[in-house]
Amino acid sequence: MKMGAFLAAGLLALAAPALADPPQRIVSVGGSVTEIVAALGAADLLVGRDSTSTWPPEVAALPDVGYFRALSPEGVLGLAPDMVLAEADAGPVEAVEVLKAAGIPYVALPGEPSPEGIAAKITAVGEAIGRQAEAATLVETFAAEIAAVRADAAQVPAADRKRVLFVLANQAGRLLVGGEGSSAAAIIALAGGVNAGTGFHGYKQATDEAILTSAPDVILMMDREGDLAISDAEVLGHPALGTTPAAQAGAILRMDGLLLLGFGPRTAQAARQLHDALYGPSEG
Amino acid sequence: MTAPALRLAGDPPASPRARRALHLRWGLVALLLLAAVLSISTGAAGLSLPRVLGDWLSGAGLATRDRVILFDIRLPRLAMGMMVGAALAVSGALMQGLFRNPLADPGVVGVAAGASLGAVSAIVLGGLLPVALTRVLGPQFLVPLAAFLFAWGATMLLYRLARAGGQTSVATLLLAGIALTALAVALTGILINMANDQQLRDLTFWNMGSLAGASWMKLALALPFVAPALVFAPRLAGGLNALALGEAAAAHMGHDVERLKRWSVLAVAAAAGAAVSVAGAIGFIGIVVPHLLRLASGPDHRALLPNAALLGAALLVGADVIARQVVAPAELPIGIVTAILGAPVFLWILMRRRGFGGI
């Protein structure tokens, strides 16, 4: 008994340096990183964010240190953080090196855009800010939600799988659509759909003929306002898009961009929303 | 080596013109010092310079954060700003002198398009290189290295194209430059079409120029190309002055015009190529600075070249101070600042000159 207590104390002492002083002033670089920090209940510890961090809405009030690939080291240091949490590919490299040299813990987080990658990221953030328990709970909930949506997606018979074309932007009739390996393709697959944009990687401008042959059953777009919004009339009036099965059936879906493509803790929710929109809510 | 740069040869020191030139020179030195002090003492981190200097001089030792801000962020940035500004302005003055055209800048001999193609290639195709190579180079050096090699290569190719029978045709140089630039832009376009979102953002930032990536290492890599070119440039002044009267006249006056062309192009390829490769494409310094100075002190290249180095350095450092302040804690790409300030000044010069029956 005594032995066990000693052992426990020893282990605690070993773990102490990591747990000793959780950060109080965090600069978060990367949209999904900021979402995770907020989901772990640490939003009040944030003192700065990058320009891709727009969720939850209250982080918009925080100082913006710029695009996560073009950070200004002095701007970050000026916020007097005691920890910088960043996507693994934040940059430029010189800025990251300077931040590391400044003696502030700089935590680069793994960034794979998959459910497993998100779970790993949540765990890493939890460890960095000393909220391991909250992170474990969040990972558990997240994994369960993902498993549920995956199970539902797996039940869709191959013949019934909907072909989904993600349209990122309409630049005067030229459409920017999601191809293989894009984050749009990943979320469509997660929801049980088939990405109609094939034969090219990432987000590319597709010719009218390519759009015709992609023959989507559903057109998926971001729910945007102002100039970037694409109206139904624009879709129906487009020479190629307007003649696709999706346009003729009026199957046009809009979802919040960061929710849909952000690959953060809300991805399970996004996949569920997309799945339900494609196939209707699963019974049970 | 600095003596000829600081004093104007040929004029007795007592003449009013020489006095004015001397005043201008010291005014520019003062302007550069002012910009340097501003650059060192301002920034998003709100560092108290007197306190930091006091700590440092008294041997009390600096806090890690203060030391990093001063020695790893602000000082390399100031040094790189001065180097890049001086290189661009002197290159612009050399090109305008060589082409006898007020609109010439290093872009005319393919430096900008070449560097841009190199940078884009490195950003988009860098991932295809053997990992061992990128690890040795470091990802932050791949882009500047490719930019410099392509800028240098484009300029040398152009010079070779314009040379026939031991003669370099300036008109061919200009026209071939346009063709080569179009080709480089097209190749860049192909690469841009292959790029993913993140690479596109990286490209955009490179194309707008920035001193944000300043480091002692980059400075050490670029300075061996920029410094000799800047030191050497004033020796071309006499030849460029004579060239203003035409190639034949310059040759009759005893200048080796071919040699003059060769060294001007080499100096620009080295100075502007290295500057652009570490800082990205920064516009307007190369055009506005020589024009401002011609208004102030006339077209004599003996005064123009060293003055351009001083004013170019001061203006770029000043523009960087603005770039760091307006959207702090983020920062604006410096190319935006130089263009916003430079374009109206350039228009003003243009209008004024038209009033005099110029261009």
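I started at B:Gly246, which lies in the loop between helix 11 (237–243) and helix 12 (247–252) of chain B. Helices here are DSSP runs of H or I with at least four residues, strands are E runs of at least two, and both are numbered from the N terminus.

This is a predicted model: local features need pLDDT of at least 70, side-chain atom pairs count only at pLDDT 80 or more, and totals for chains, interfaces and linings use all residues. Residues are numbered from 1 along each chain as its sequence is written, while chains are lettered from A and ligands numbered from 1 in the order in which they are written.

Is B:Gly246 buried or exposed? I found that B:Gly246 is exposed, because it has 12 C-beta neighbours inside 10 Å. (Buried needs 20 or more other C-beta atoms within 10 Å, exposed 12 or fewer, partly exposed in between; C-beta atoms are placed from the backbone.)

Next I looked up a helix pair. The axes of helix 10 (residues 216–232) and helix 13 (residues 257–279) of chain B come within 8 Å and cross at roughly 150 degrees. Axes are lines fitted to C-alpha atoms, for helices over the stretch in contact, and angles run from 0 to 180 degrees between N-to-C directions. Helix 10 and helix 13 of chain B are therefore roughly antiparallel (over 145 degrees; under 35 is roughly parallel, 65 to 115 roughly perpendicular, the rest oblique).

Last, I took chain B as a whole. Chain B has 16 helices and two strands. Its C-alpha atoms fill a box of roughly 65 × 55 × 40 Å along the principal axes. Of the 359 residues of chain B, 49% count as buried.
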